[in-house]
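Here's a quick briefing to read alongside the model. Keep the viewer open and follow along.

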Amino acid sequence: MSRHEPVLTMSGIRKAFPGVVALDGVDFRLLPGEVHALMGENGAGKSTLIKVLTGVYDVDDGRIELEGRPVRFSGPGQAQQCGISTVYQEVNLCPNLSIAENIFIGRQPGTRPLVRWSAMRRRATELLERLHLGDLDVNAALGSCSIAIQQMVAIARALDVDARVLILDEPTSSLDAAEVAELFRVIRQLKTDGVAVLFVSHFLDQVYEIADRMTVLRNGKLIGEYPVAELPPVALVGKMLGREREALEELQELSVRPDGADGENREAVLAAEGLGRTGAIEPFDLTVHSGEVVGLAGLLGSGRTEIARLFFGADRPDRGRLRMDDQAVTLHGPRDAMARRIAFCPEDRRNDGLIEDLTVRENIILALQAARGWARPLPRRRQDELVQEYVDLLGIRLADPERPVRELSGGNQQKVLLARWLITRPRLLIVDEPTRGIDVGAKAEIQRLLTRLALEGMAVLFISAELEEVLRLSHRIAVLRDHRVVRQLENQEGLTVDSLTQVIADGGAA
Amino acid sequence: MKRLLGSRLVWPSAVLVLLVLTNLWFSHGFLSIEIRDGHLYGSLIDILRDATPLTLVALGMTVVIATAGIDLSVGSVMAISAAVACLWISKQDHQDTLAAVAVGVLLALVVSLMAGLWNGLLVSVLGIQPIIATLILMVAGRGVAQLITGGQIITLTSNTYNSIGTGYVLTLPICVLLTAVVVAAGAVLTRRTALGLLLESVGGNPKASRLAGIQSRRLIWGAYVFAGLVAGIAGLIDSSNVSSADGNNLGLLIELDAILAVVIGGTSLDGGRFSIAGTVLGSVIITTLDITIVTIGVPTDATQLFKAIVVLILCLVQSPAFRARIAPRRRRRNPPAATPDALPPVTGDVVEVSA
């Protein structure tokens with residue numbers, strides 16, 4: 001097959017759900033040996049297109065051709081047999097099984113119902129060697145590995161079926177910089193093997209680094225297909241948002257750096273003095289003042305979340321102490337922290353944040369209600385008022401606050417979580433990766449909200465893997481590396497993503 | 001109307017109507033209710049009365065299941081409660097006095113409460129999986145009941161005690177009124193306070209609930225205590241019906257019917273959302289089914305199988321996967337609006353939905 005003959009062609013794809021047309025006459029093609037980025041805001045139709053392609057959904061209209069032959073998959077299994085493999089944003093594997101089992105589950109080597117365990121382990125090791133992960137113990141439980149490794153295992157699983165098309169849906173959202181580089185090395189390797197890679201990511205710089213061409217969707221419609229070199233980021237964002245000028249102004253307005261100079265004369269809300277927890281974070285000093293955003297910068301697993309959990313009483317420190325209003329305090333749990341008006345939006349929205357079965361309203365009032373206790377229910381009218389107020393304030397887009405929160409998009413779910421804590425009127429708001437996996441528009445809104453809250457006097461502890469974002473919002477930045485706070489920096493002129501990266505790399509020695 | 005059809009109680013209600021119609025076909029007087037000696041009589045009243053122990057047990061089970069737990073010990077708790085009450089009353093010189101019965105009932109309830117405390121301790125403090133934790137008392141409880149009754153069936157001559165299960169007040173059976181009061185109390189306790197929301201939260205996501213400041217340990221403990229207490233009341237009703245306490249057989253296997261009633265009522269075994277109204281409906285359905293088997297004359301050998309088949313059908317019509325299969329092709333292509341990828345209607349120029 002020629003290199004310019006598409007391996008996959010989708011034409012005139014239409015898919016409607018009750019109330020909304022998710023895909024409206026979308027064309028899409030994928031060449032062998034290319035990395036093709038699928039771009040668009042949340043809800044533009046990226047996920048639906050992938051699900052149509054992999055047979056999760058049936059199309060209402062349109063054709064899918066694989067190497068020139070029309071195909072129609074009844075499910076992901078069939079798509080996989082035809083050489084289309086998918087690695088989803090959330091790793092869809094079984095943490096309780098071993099790495100080898102996860103790679104081969106459903107297609108174990110051996111004559112059914114028997115399994116040839118030795119062959120399975122050998123082939124697993126071979127596959128992982130192809131990804132330069134040969135030194136992993138394939139008998140280890142997947143759950144004991146880092147998210148990055150789990151992601152690699154998911155890719156190994158996809159590769160085992162001789163994939164001609166590999167779909168990577170937000171593969172980098174839980175990876176740190178080094179791991180992303182590792183993943184990209186693997187993707188480039190696959191490219192030279194002739195695999196067509198469909199890449200979905202919210203990180204524009206990553207798209208520009210790895211992709212050859214991109215297809216942009218907006219509101220379920222095809223906007224266009226472009227070679228990456230011919231579409232600069234500004235133009236891309238414009239096409240994704242469909243409201244070029246305002247959106248860009250919005251982002252520029254935000255990049256005005258907060259004034260770091262007047263941090264001194266503010267009152268300290270929470271101060272850590274030699275606070276530490278064995279195995280989680282080395283003893284550190286850190287003070288958060290009212291009206292101040294303190295950013296925690298560092299790689300994934302460097303101890304950022306661990307600090308947040310100590311500040312919220314979710315974990316107990318075994319060294320040092322916390323001071324609040326010049327008094328030593330011991331937090332015996334989240335309730336203790338809440339009573340002192342500390343709030344915490346955790347990193348993992350789905351597992352640690354939201355109760356997915358409950359409605360938006362119930363999720364929003366949950367922390368306030370928990371603080372009041374079960375015997376003092378918040379009157380329903382007051383609930384509705386509060387929910388309406390914060391839905392408006394945060395611009396949460398929803399059909400009905402009485403619908404389950406799991407129906408909302410990532411960005412709106414994040415806002416629901418913020419609303420839950422904002423109605424408790426915290427003095428210190430801890431936000432852990434509040435903008436991960438959400439689209440540009442919602443991201444800008446959340447950044448603006450945090451800036452405004454600080455202006456109004458709230459203390460904010462802001463955690464993000466995106467250094468640019470940390471730089472944009474924080475008055476002060478604590479740099480972490482290997483479970484240690486290595487430097488604390490005033491965010492002044494001259495501090496750039498590059499210099500911050502350098503501090504992280506040097507471990508604060510410079 | 002649409003809202004009514006969308007309710008999760010529609011299917012169970014339809015099944016109940018179908019069961020009643022079946023009974024009516026075989027026994028024409030099924031729906032008739034008459035007043036004899038100032039009491040309401042009729043098959044429907046019988047169903048309500050027979051359903052009382054199961055309804056109470058299932059009520060407690062609902063709350064426990066909402067926390068993503070399960071209580072297998074309820075049948076044994078019923079037996080213990082009955083044994084305690086009957087033993088106390090049987091030792092009195094005058095079994096008919098209100099004082100004798102009241103003290104016996106009170107003792108039984110205290111013991112039931114302790115059984116619930118024990119289960120809750122194992123589950124919420126010691127972190128034992130609910131199915132194992134309550135299995136302990138399910139097995140051991142029978143032994144405890146046997147010890148209390150001395151291995152015999154204690155028989156009473158107390159009319160006062162007997163009237164709990166068979167007496168009437170205001171033309172209605174006392175046990176039905178009692179159950180209605182307990183169910184109403186349970187509903188008020190969970191829905192008029194924030195207790196229901198907090199329970200659903202803990203059952204839906206315990207980790208997130210802790211980080212939202214909910215004291216899940218106490219809540220879960222409380223759920224088991226409540227389940228123990230209402231199982232104790234159910235045991236009293238059951239034993240007063242026959243004026244005796246049989247440690248071996250009283251409440252035997254009722255936990256299975258109770259779990260079934262909860263599930264029929266639309267509460268998921270995964271925890272989270274629960275419906276007390278659904279559970280009551282489920283209990284009444286199961287009781288009606290038992291009576292239907294008698295009315296239509298299913299041979300004794302086949303009753304278990306017949307019941308199983310009806311339950312299977314009931315579960316099938318409630319299963320979303322099964323309904324999607326038998327639904328017309330056109331509807332099948334549209335996944336239900338509840339999937340994570342469903343698109344809420346939006347206004348304005350930006351559509352934002354889950355990716």
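**Helix pairs in chain B, domains in chain A**

In chain B, helix H5(B) puts B:Ala115, B:Trp118, B:Asn119, B:Leu122 and B:Val123 up against B:Pro130, B:Ala133, B:Thr134, B:Leu137 and B:Gly141 of H6(B). Sort those contact residues by class and you get 7 nonpolar, 3 polar and no charged. Bear in mind that this is a predicted model. The rest of the briefing goes through the helix pairs of chain B, then turns to chain A.

**H5 and H6 of chain B**

- H5(B) covers residues 98-125 and H6(B) covers residues 130-149.
- The two helices pack at an angle of about 145°, and their axes are 8 Å apart.
- Where H5(B) passes H6(B), the crossing is right-handed.

**H3 and H12 of chain B**

- Helix H3 of chain B (residues 43-66) packs with H12(B) at about 65°, with 8 Å between the axes.
- This crossing of H3(B) and H12(B) is right-handed.
- From H3(B), the residues that meet H12(B) are B:Leu54, B:Val57, B:Ala58, B:Met61, B:Thr62 and B:Ile65.
- On the H12(B) side, look for B:Ile254, B:Asp257, B:Ala258, B:Ile259, B:Ala261 and B:Val262.
- By class, the H3(B)-H12(B) contact comes to 10 nonpolar, 1 polar and 1 charged residues.

**H12 and H13 of chain B**

- H12(B), residues 254-264, also packs with H13(B), residues 276-295, at an angle of about 125° and with axes 7 Å apart.
- That angle is why H12(B) and H13(B) count as oblique to each other.
- The crossing of H12(B) and H13(B) is right-handed.
- H12(B) brings B:Asp257, B:Leu260, B:Ala261, B:Val262 and B:Ile264 to this contact, while H13(B) brings B:Thr279, B:Gly282, B:Ser283, B:Ile285 and B:Ile286.
- The class count for H12(B) with H13(B) is 6 nonpolar, 3 polar and 1 charged residues.
- B:Asp257, B:Ala261 and B:Val262 are listed in the contact with H3(B) and again in the contact with H13(B).

**Overall build of chain A**

- Chain A has 18 helices and 20 strands.
- Its radius of gyration is 24 Å, close to the 24 Å that the globule rule gives for 510 residues, so chain A is as compact as a globular protein of that length.
- Along the principal axes, the C-alpha trace of chain A spans about 70 × 50 × 50 Å.

**Domains of chain A**

- Chain A splits into domain 1, residues 8-243, and domain 2, residues 261-506.
- The C-alpha centres of these two domains of chain A sit 32 Å apart.
- Where they touch, domain 1 of chain A supplies 13 residues and domain 2 of chain A supplies 12.
- Which element gives the largest share of the domain 1 side in chain A? That would be helix H8 of chain A (residues 233-241), with 3 residues.
- The domain 1 side of this contact in chain A is made up of 5 nonpolar, 5 polar and 3 charged residues.

Note on methods: Residues are numbered from 1 along each chain as its sequence is written. Chains are lettered from A and ligands numbered from 1 in the order in which they are written. This is a predicted model: local features need pLDDT of at least 70, side-chain atom pairs count only at pLDDT 80 or more; totals for chains, interfaces and linings use all residues. Axes are lines fitted to C-alpha atoms, for helices over the stretch in contact, and angles run from 0 to 180 degrees between N-to-C directions. Helices (H or I, at least four residues) and strands (E, at least two) are DSSP runs, numbered from the N terminus. Angles under 35 degrees count as roughly parallel, over 145 as roughly antiparallel, 65 to 115 as roughly perpendicular and the rest as oblique. A crossing is left-handed if the near helix is turned anticlockwise from the far one by less than a right angle, and right-handed if clockwise. Two residues are in contact if their C-beta atoms, placed from the backbone, lie within 7 Å. Ala, Val, Leu, Ile, Met, Phe, Trp, Tyr, Cys and Pro count as nonpolar, Asp, Glu, Lys and Arg as charged, and the others, Gly among them, as polar. Domain bounds come from an automatic or database domain assignment. The radius of gyration is taken over C-alpha atoms; the globule rule is 2.2 Å times the number of residues to the power 0.38.
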